[in-house]
Amino acid sequence: MSLWDWAVAAYERPGVADACLELQDAHGQNTCFLLWAAWSGAADPGLLEHAAETAQVWENEVVAPLRRVRRDLKSPTPPVADADRETLREQVKSTELAAEKALLEALGRILPARRSPDLVQVLQAAARAWGAAAPDAALERLAQALTAAELYGRGANGHHAPPTPGNDEMLDETTDEPEPALRARLAALKQEHADLDAAVQAMAAVPLPDLLAIGRLKRKKLQLKDEIARIEDLLTPDIIA
């Protein structure tokens, strides 16, 4: 399932639209950015700041002006006939929707993979990166609505994604984890490493890349590489010389 399809499906479920509109209208948040954060599981501050800056440019210059025009067209505006006004409003609404889809697609290219960390913490981190204060209660309502919709925790293919271990979950070489668990963890680590690699490339491609944020992601990639090598060693039988 693509990010756009996931976002549309999520927005139509009970409670999600209300929670998003509360965060947008009452607390200055951005629905597309929050939904992308929930979908991607992005929690790294540098990555979130980069994504927030990307979204804010498009929001301020394209989406927000279209939204204002659409809302202004809800009221009669003589001498224009109501039918003509409503036709124009629907056209603006369609353009606004296309602009939001374009924003989600741009965000999806920054971090396209789906992971399943703590949703409330992800939304809290995203709200901080956006730069507007949002109460935890409002973010928790959105998290609960997404979880209840059974759309959170599913990957792009619609299946539940395996949990991704944090960088502090270093493996002990004497681990007694069964081989299937080790292989599942290895697959998750490799996916996260690929996600970070894609994020680094996307951040480096902008005109003024955030070198500090890129450096943080590269250090995380090295940590993941060490963990991957450790698990691969555990899964490789010793060779008797």
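Colleague: Why are Leu-119, Val-122, Leu-123, Gln-124, Ala-125, Ala-126, Ala-127 and Trp-130 of H6 called buried?

Modeller: Buried means under 20% relative accessible area, exposed means over 50%, and partly exposed lies in between, using a 1.4 Å probe and protein chains only. These eight names in H6 are listed as buried, so each falls under 20%. The model is predicted: local features need pLDDT of at least 70, side-chain atom pairs count only at pLDDT 80 or more, and totals for chains, interfaces and linings use all residues. Residues are numbered from 1 along each chain as its sequence is written, and side-chain values use heavy atoms, with hydrogens and water left out.

Colleague: What covers the buried residues of H6?

Modeller: The cover includes H3, H4 and helix H7 (136-148).

Colleague: What makes a stretch a helix?

Modeller: Helices (H or I, at least four residues) and strands (E, at least two) are DSSP runs, numbered from the N terminus. This chain has 9 helices and 0 strands.

Colleague: How do you know that the span of H6 is close to the expected one?

Modeller: The expected span is 1.5 Å times one less than the number of residues. H6 (residues 119-130) has 12 residues and reaches 16 Å from its first C-alpha to its last, close to the 16 Å expected. Helix H8 (residues 179-204) has 26 residues and reaches 37 Å, close to its expected 38 Å.

Colleague: Which residues of H8 are buried, and what covers them?

Modeller: The buried residues include Leu-182, Leu-186, Glu-192, Asp-195 and Met-203. Their cover includes H4, H5 and helix H9 (211-235).

Colleague: Why is His-50 called buried?

Modeller: Its relative accessible area is 9%. That is under 20%, so His-50 is buried. His-50 lies in helix H4.

Colleague: What does His-50 touch?

Modeller: Contact means heavy atoms within 4.5 Å. Not counting residues up to four places away in sequence, His-50 touches Ile-110, Ala-202, Met-203 and Val-206. The C-alpha atoms of His-50 and Ala-129 are separated by 8.7 Å, though the two residues are 79 apart along the chain.

Colleague: Gln-29 sits in the loop between H2 and H3. Is it buried or exposed?

Modeller: Gln-29 has a relative accessible area of 4%. The cut-off is under 20%, therefore Gln-29 is buried. Beyond four places in sequence, the residues it touches include Leu-23, Leu-34, Ala-126 and Trp-130.

Colleague: What makes a nonpolar core?

Modeller: It is a set of buried Ala, Val, Leu, Ile, Met, Phe, Trp, Tyr and Cys residues joined through side-chain atoms within 4.5 Å. The largest one has 56 residues; Trp-6, Phe-33, Trp-36, Leu-123, Leu-142 and Leu-146 touch the most other members. Helix H3 (residues 31-40) gives the largest share, 8 residues. A second, separate core has 5 residues, including Val-63 and Leu-66.

Colleague: Which residues line the largest pocket closest to its centre?

Modeller: Of the 21 lining residues, those are Tyr-11, Thr-31, Glu-96, Leu-97 and Glu-100. H5 supplies the largest share of the lining, 6 residues.

Colleague: Why are some of the lining residues called nonpolar and others charged?

Modeller: Ala, Val, Leu, Ile, Met, Phe, Trp, Tyr, Cys and Pro count as nonpolar; Asp, Glu, Lys and Arg as charged; the others, Gly among them, as polar. By that rule, the lining divides into 9 nonpolar, 3 polar and 9 charged residues.

Definitions and conventions:
On a 1 Å grid over the protein atoms alone, a cavity is a set of points where a 1.4 Å probe fits but cannot get out, and a pocket is an open set with protein on both sides within 12 Å along at least five of seven lines; lining residues have an atom within 4 Å of a point.
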